Amino acid sequence: MKNNSLRHYIFAAAVISLPICSCGVDGGGYDASGTFEATELTVSSEADGKILSLEVGEGDSVSRGQVCGQIDTVRLCLNKRQLEAGIRAAESRIQDIESQTAYMKEQLSAYTREKGRIENLIRADAANTKQLDDINTSIAVLQSQINATEASISSGNEAARAEIASLQAQIAMIDDQISRCRIVSPISGTVMATYLQQGELAGTGRPVLKIADLENMYIRAYITAGQLSSARLGQKVRIYADGSGKAGKVYEGVLTWISDQAEFTPKTIQTKDERANLVYAIKVSFKNDGYARIGMYGDIKFL
């Protein structure tokens with residue numbers, strides 16, 4: 001009876017100790033622990049005005065370059081129309097030099113022909129030199145008038161073109177301001193928060209949306225100085241979400257960043273060697289399938 005009791009006692013003690021040993025193996029199989037993070041960007045207003053529309057809300061997916069909202073542009077559009085009218089007025093002042101001097105050039109051609117006729121008469125002793133002097137004077141005066149007219153028209157045209165260029169530059173600036181009235185997502189991701197609503201006044205630099213890239217996430221963890229020698233950028237890493245490779249999700253990741261400065265162990269993080277006072281922060285990037293969430297805990301194991 002005593003031997004049977006002793007055997008029952010040993011068997012019961014062994015059964016009780018099995019799960020304790022199993023947990024010890026799983027818990028010691030990880031190289032570090034950390035929290036999931038994502039690239040978060042705050043989309044701020046680039047213009048002042050009333051928000052006419054905001055087409056996205058918290059939890060909505062957006063793509064890079066997508067227009068998420070629109071700020072009032074009425075005043076800017078009116079200014080643009082005014083400048084465009086100024087351009088048309090300046091263009092009407094541009095004159096064609098050839099058409100403006102065509103009549104005088106015809107007269108000059110007539111004087112030139114008359115000069116040739118007089119020169120022929122002089123050679124035939126049928127005309128005097130005074131007639132030739134008079135026609136040469138008329139030609140010189142007319143040529144001077146043509147030159148002055150061309151210079152005046154050219155100067156006026158240059159001034160009008162300079163005014164047009166200035167107005168076009170102002171229109172380009174207004175077009176840029178109008179484009180900044182569109183609230184555009186700089187990345188593909190998920191809207192995490194909205195700080196303004198339709199109908200509210202936006203101001204330059206005032207936050208409107210917060211967007212996070214939940215597809216390309218990373219886990220921030222900490223390793224000891226002893227582990228640092230075996231860690232390298234580009235190294236393959238296995239990530240266990242929820243701290244369990246069986247109950248949670250498992251991701252394949254890549255070590256993309258290692259801090260070059262040591263820091264004291266964060267209170268919320270446990271490393272492989274808890275006795276180490278100084279640790280190094282690392283980031284392991286991975287493709288998220290929608291299961292991982294910002295702030296969720298996970299464990300990593302170097303491969």
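**A look at the rings**

Guide: Start with F286, which is buried at a relative accessible area of 4%. "Buried" means under 20% relative accessible area; exposed is over 50%, and partly exposed lies in between (1.4 Å probe, protein chains only). Y251 counts as buried too, because its relative accessibility is 6%.

Before going on: this is a predicted model, so local features need pLDDT of at least 70 and side-chain atom pairs count only at pLDDT 80 or more, while totals for chains, interfaces and linings use all residues. Residues are numbered from 1 along each chain as its sequence is written, and side-chain values use heavy atoms, leaving out hydrogens and water.

Now the ring pairs: there are 3 aromatic pairs here. Rings of Phe, Tyr and Trp (its six-membered ring) pair if their centres lie within 6.5 Å, and planes under 30 degrees apart are stacked, over 60 edge-to-face, the rest tilted. Y30 and Y240 make a tilted pair, 5.1 Å centre to centre with 55 degrees between the planes. Y30 sits in the loop between α1 (2–27) and β1 (32–44), and Y240 in strand β9 (residues 236–241), 210 residues apart. Helices (H or I, at least four residues) and strands (E, at least two) are DSSP runs, numbered from the N terminus. Y30 and Y240 are both buried.

Back to our opening residue: F286 forms a tilted pair with Y251, at 4.9 Å and 40 degrees.
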